[in-house]
Every structure is written in structure tokens, then in C-alpha cells.
Amino acid sequence: MAPIRDKFTIHSKAIVCQDVELKGDITIGAGTIVHPKATIFAIAGPIVIGTGCIIEEGAIIVNRRKEVMRIGDDNLFEIGCRVESPTVGNFNTISTRARVHHTVRISSYCVIGAGCLVVPTEDEILDEYTVIYGPAGERRTWSGRGKVQEADLRKKHADYLKDMLPKFNRLRRGDGT
């Protein structure tokens, strides 16, 4: 297998800390924030991350498929989660230490609860507003109530991080630097 060529395209308005581990062809959109100690590996195919996402420390995003892994806008990847899903829609929350297998495609407004493991044997597409929770990975559908408040809270979170992360961390710029 040929070695992985690094090519980073980081938008000028994105905040990516220096000690983030990046490998492969990765595009990071405007307003996306990547905490220190996060890992993003494009092993087989490229990864395209949309605008306004927050990727917290210890989060691992891996693309093992040849197709482009597309991550939409305003997603939150919490501490220690691992995502290999080939597509992630908009405004999803992957909670602390949750794991999502490459056989799952996530639509929009989904929540994967803390510590949940989502590993279906066959390819599956999570419907919009799906919530996976509990040790058994139980599922329900969210009504969408509180969506506006959640968006406002996430915006405040992003504004705070945009202010604080550059004060205490060196930032990375695009094209492998």
C-alpha cells in the first residue's frame, strides 16, 4: 500500500491546535474548532469537515473507506469519542466515549449518548432526530423541542473556545504546516 500523503486544507477562520494529529487528505471548514490531542486520520479516502463543528480533545475521526467522508455543519464530537461513519449530517452530537462504526451513516439532529457503541452488522442510515442512549444502545426519536436553545448554547460554546484556545495553544495553518 502506498504511503498516506498529507494534504491539509484549513479555512482561515477555523481554529486547529498545533498538537492535533492529522494524517491524509483533510479539509476543515470555516469556524470549525479542533481541540488539542484530537486525531483525524484519512487512511483510505479524504475527510471533508463542514463549518462550525467542535471536535474536542481525544476525539478520533477515521476514514477507512475509499469514498470521501463528509461531515456536515455544526456537529459536536465530545471528549474521547470515535467516529468512522462515512457520512455525518448537520447538527449531530456524538457524546463522550461513544463509538460509531463505519457501517453507520448519520443523518441530521442525531444524538449518540455517552459511552454508546453503534456497530450494526449491515449498513444502516440513522433517521433524523434519532437518539441512542444507555448501555444497551436503546433508541428513540427526539421531538426537536429545544433545538433553537441547543443551537444558541453551541454557538456560545464555540465563541468561548475561539477566544480561549488561541491564548493557551499554538495554532496550525493549512497545507501540512
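This report walks through a sheet, some aromatic rings and some salt bridges in a predicted model.

Residues are numbered from 1 along each chain as its sequence is written, and side-chain values use heavy atoms, with hydrogens and water left out. As this is a predicted model, local features need pLDDT of at least 70 and side-chain atom pairs count only at pLDDT 80 or more, while totals for chains, interfaces and linings use all residues.

**The sheet**

Let's start with the strands (DSSP runs of E, at least two residues, numbered from the N terminus). Six of them make an open sheet, running β3-β6-β9-β12-β15-β18, with parallel pairing. Here, two strands pair if DSSP finds at least two bridges between them. At the edges you'll find β3 (21-23) and β18 (117-118); each has a single partner strand, so one side of each has no neighbour in the sheet. Within the sheet, β6 (residues 39-42) and β9 (residues 60-63) pair in the parallel sense over four bridges. If you want a spot to look at, threonine 39 sits opposite isoleucine 60 in β9. As background, strands of a sheet pair through backbone hydrogen bonds, either parallel or antiparallel.

**The rings**

Next come the aromatic pairs, and there are three of them. Rings of Phe, Tyr and Trp (its six-membered ring) pair if their centres lie within 6.5 Å; planes under 30 degrees apart count as stacked, over 60 as edge-to-face and the rest as tilted. Tyrosine 109 and tyrosine 129 are a stacked pair, because their ring centres are 5.1 Å apart and their planes are at 5 degrees. Tyrosine 109 is in the loop between β16 (104-106) and β17 (111-112), and tyrosine 129 is in the loop between β19 (124-126) and β20 (130-133), so this pair ties together parts that are 20 residues apart in sequence.

How open are these residues? Buried means under 20% relative accessible area, exposed over 50%, and partly exposed in between (1.4 Å probe, protein chains only). Tyrosine 109 is partly exposed at 23%, whereas tyrosine 129 counts as buried at 18%.

Ring pairs also build a cluster out of Phe91, Tyr109, Tyr129 and Trp142. Two of these rings have a charge over them (NZ of Lys or CZ of Arg within 6 Å of the ring centre and within 35 degrees of the ring normal). Lysine 147 lies over the face of tyrosine 109, 4.6 Å from the ring centre, and arginine 154 lies over the face of phenylalanine 91, 4.5 Å from the ring centre.

**The salt bridges**

The model has nine salt bridges, each a side-chain nitrogen of Lys or Arg within 4 Å of a carboxyl oxygen of Asp or Glu. Here are some of them.

| Arginine 64 | Glutamate 84 | 3.1 Å |

Arginine 139 in strand β21 (residues 138-141) and glutamate 124 in strand β19 link distant parts of the chain, 15 residues apart. Arginine 139 is partly exposed at 42% relative accessibility, and glutamate 124 is partly exposed at 23%. Salt bridges that share partners also join Arg65, Glu67, Arg105 and Asp123 into one network.
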